[in-house]
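Here's a quick tour of one protein chain, written for someone who likes to know the cut-offs behind each term. Have the viewer open and follow along.

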Amino acid sequence: MTSKVTYLGELRTKSIHVQSGSEVISDPPVDNFGKGEAFSPTDIVANALASCMMTIMGIKARDMEVDLIDSTAEVTKIMNAEPRRIGAIEIVFEMNGVSDEKNRTILERAAMTCPVLFSLNPEIEKRVTFNWK
């Protein structure tokens, strides 16, 4: 078992990662009857994409002996109304630690091999930008 999800009432859930005991609370957004006080389930999906891409780049950077510390990703999730689903995910990476163009290209291509990216519905538009400092 990967995780256990418990319904807390008022449309809120608590997910516990079985191996670590880590917890995540989810709450629907205000426009979908929630309180908007935590990540919504679709926020978690969009965030998972950025986190996965950053992790894959981190693995590759480690192999290349490059440090990406303090690199960030800004995530924007865009919902479609009918049917209600994620229509697009925009991710803007602000990347540190790589001055060589070849290494940047290698890391960007590595990010695009993220398993979450391949797991998402192909109809979801993925807009990914890499800004290198």
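## Ground rules

Two strands pair if DSSP finds at least two bridges between them. Strands themselves (E, at least two residues) and helices (H or I, at least four) are DSSP runs, numbered from the N terminus.

This is a predicted model, in which local features need pLDDT of at least 70 and side-chain atom pairs count only at pLDDT 80 or more, while totals for chains, interfaces and linings use all residues. Residues are numbered from 1 along each chain as its sequence is written, and side-chain values use heavy atoms, with hydrogens and water left out.

## The overall picture

The chain has three helices and six strands. Reading from the N terminus, the elements go β-β-β-α-β-β-α-α-β. The C-alpha trace spans about 50 × 35 × 25 Å along its principal axes.

Of the 133 residues, 26% count as buried. Buried here means under 20% relative accessible area, with exposed being over 50% and partly exposed in between (1.4 Å probe, protein chains only). As for contacts (heavy atoms within 4.5 Å), take the ones between residues at least 6 apart in sequence: 50% of them join residues at least 24 apart.

## The sheet and its helix

Three strands make an open sheet, in the order β4-β5-β6 and with mixed pairing. β4 (72-80) and β6 sit at the edges, each pairing on one side only. From one strand to the next, the twist averages 10°. In general, strands of a sheet pair through backbone hydrogen bonds, either parallel or antiparallel. β4 and β5 run antiparallel and are joined by nine bridges; to pick one out, T76 has E90 in β5 as its bridge partner.

Helix α1 packs on this sheet and touches β4, β5 and β6. The direction of α1 makes about 35° with that of β5; axes are lines fitted to C-alpha atoms, for helices over the stretch in contact, and angles run from 0 to 180 degrees between N-to-C directions.

F93 belongs to strand β5 (residues 85-95) and F130 to strand β6 (residues 125-132), so the pair ties together parts that are 37 residues apart in sequence. Both F93 and F130 are buried.

## One disulfide

There is one disulfide in the structure, a term that means a pair of cysteine sulfur atoms within 2.5 Å. C52 is joined to C114, with an S to S distance of 2.4 Å. The link is right-handed, with 130° about the S-S bond.

Where do the two ends sit? C52 is in helix α1, and C114 is in the loop between α2 (101-111) and α3 (115-119), 62 residues apart. Both C52 and C114 are buried.

## Buried loop residues

N96, in the loop between β5 and α2, has a relative accessible area of 17%, so N96 is buried. A polar atom of the N96 side chain lies 3.0 Å from the backbone oxygen of D70. Neighbours within four places in sequence aside, N96 is in contact with residues including D67, L68, I69 and W132.

P28 is in the loop between β3 (23-26) and α1 (41-63). Because its relative accessibility is 12%, P28 counts as buried. Among the residues that P28 touches, not counting those up to four places away in sequence, are L11, K35 and S40.

Most residues other than glycine have a negative phi, and most peptide bonds are trans. The peptide bond from E82 to P83 is cis, with omega near -10°, and P83 is in the loop between β4 and β5.

Then there are two positive phi values at residues other than glycine: E10, near 50°, and E65, near 60°. E10 is in the loop between β1 (3-9) and β2 (12-17), and its relative accessible area of 58% makes E10 exposed. E65 is in the loop between α1 and β4; with a relative accessible area of 76%, E65 is exposed as well.

Terms used:
Polar contact = N/O pair within 3.5 Å; in protein donor to acceptor, adjacent residues only side chain to side chain.
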